[in-house]
Amino acid sequence: MAKTPLTANDYPIAETQPDEVIGNRGKPLSSLSMEAVLDGDVSMEDLRITPHALTQQAEIATSVGRSALASNLKRAAEMTRLPQSEVMAIYELLRPGRAVSKDSLLDEAQRLRNEQDAPLLADFIEEAARFYE
């Protein structure tokens with residue numbers, strides 16, 4: 001049975017459904033306390049946003065008619081799986097005048113789609129390529 005998408009009534013998730021807030025290492029929000037930090041039981045990985053959390057936020061954005069925000073959040077969910085160096089390389093590629101050619105944008109989009117399973121990010125770069133001249 002499919003889970004019902006979240007709505008504005010579920011916002012903020014940390015308050016309405018705290019058991020749904022789980023970090024990358026599987027720790028629930030309730031385990032992230034100052035005591036746990038001082039004991040060394042919390043790492044930066046526990047504090048990073050997860051693809052699941054971004055997807056949940058996208059569901060809420062969709063439910064209130066914020067489709068552009070939802071699309072950004074879904075792309076961000078894909079980007080959490082990429083190394084930081086790759087995110088920065090994509091950022092540089094998309095800055096005005098930085099792409100060598102339209103083909104370099106299309107090549108990057110294909111690589112993201114095929115090697116990183118990031119179709120939404122690939123679509124976004126292909127959209128940028130359509131405006132490249």
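Colleague: Which residues are buried in helix H6 (residues 84-94)?

Modeller: Start with the terms. Buried means under 20% relative accessible area, exposed over 50%, and partly exposed in between (1.4 Å probe, protein chains only). Helices are DSSP runs (H or I, at least four residues), numbered from the N terminus. In H6, the buried residues are Glu86, Val87, Ile90 and Leu93. They cover an arc of only 125° around the axis, so they sit on the same side of H6. That arc is taken from the directions from the helix axis to the C-beta atoms. This is a predicted model, where local features need pLDDT of at least 70, side-chain atom pairs count only at pLDDT 80 or more, and totals for chains, interfaces and linings use all residues. Residues are numbered from 1 along each chain as its sequence is written, and side-chain values use heavy atoms, with hydrogens and water left out.

Colleague: What does the face of H6 turned away from its buried side carry?

Modeller: That face carries the exposed residues Gln84 and Ser85. The buried residues of H6 pack against H5, H7 and helix H8 (119-130). Contact here means heavy atoms within 4.5 Å.

Colleague: How do I read the span of helix H4?

Modeller: Compare the span with an expected value, 1.5 Å times one less than the number of residues. H4 (residues 51-63) has 13 residues and reaches 18 Å from its first C-alpha to its last, close to the 18 Å expected. Its buried residues are Leu54, Gln56, Ala58, Ile60 and Ala61. They pack against helix H1 (13-16) and helix H5 (67-79). Gly65 follows H4, with a positive phi near 80°.

Colleague: How many salt bridges does the structure hold?

Modeller: Side chains of opposite charge can pair when their charged atoms come close. A salt bridge needs a side-chain nitrogen of Lys or Arg within 4 Å of a carboxyl oxygen of Asp or Glu. The structure holds nine. One of them joins Glu45 and Arg48, at 2.8 Å, N to O. Glu86, Glu108, Arg111 and Glu115 are linked in a network of salt bridges.

Colleague: Which salt bridges does Arg113 form, with Asp123 and with Glu126, and where do the partners lie?

Modeller: Asp123 and Arg113 pair with their closest N and O atoms 2.4 Å apart. Asp123 lies in helix H8 and Arg113 in helix H7, so the pair ties together parts ten residues apart in sequence. Arg113 also forms a salt bridge with Glu126, the closest N and O atoms being 2.9 Å apart. This pair links distant parts of the chain, 13 residues apart, with Glu126 in helix H8. Glu126 is partly exposed, at 25% relative accessible area.

Methods
Helix = DSSP H or I, 4+ residues; strand = E, 2+ residues; numbered from the N terminus.
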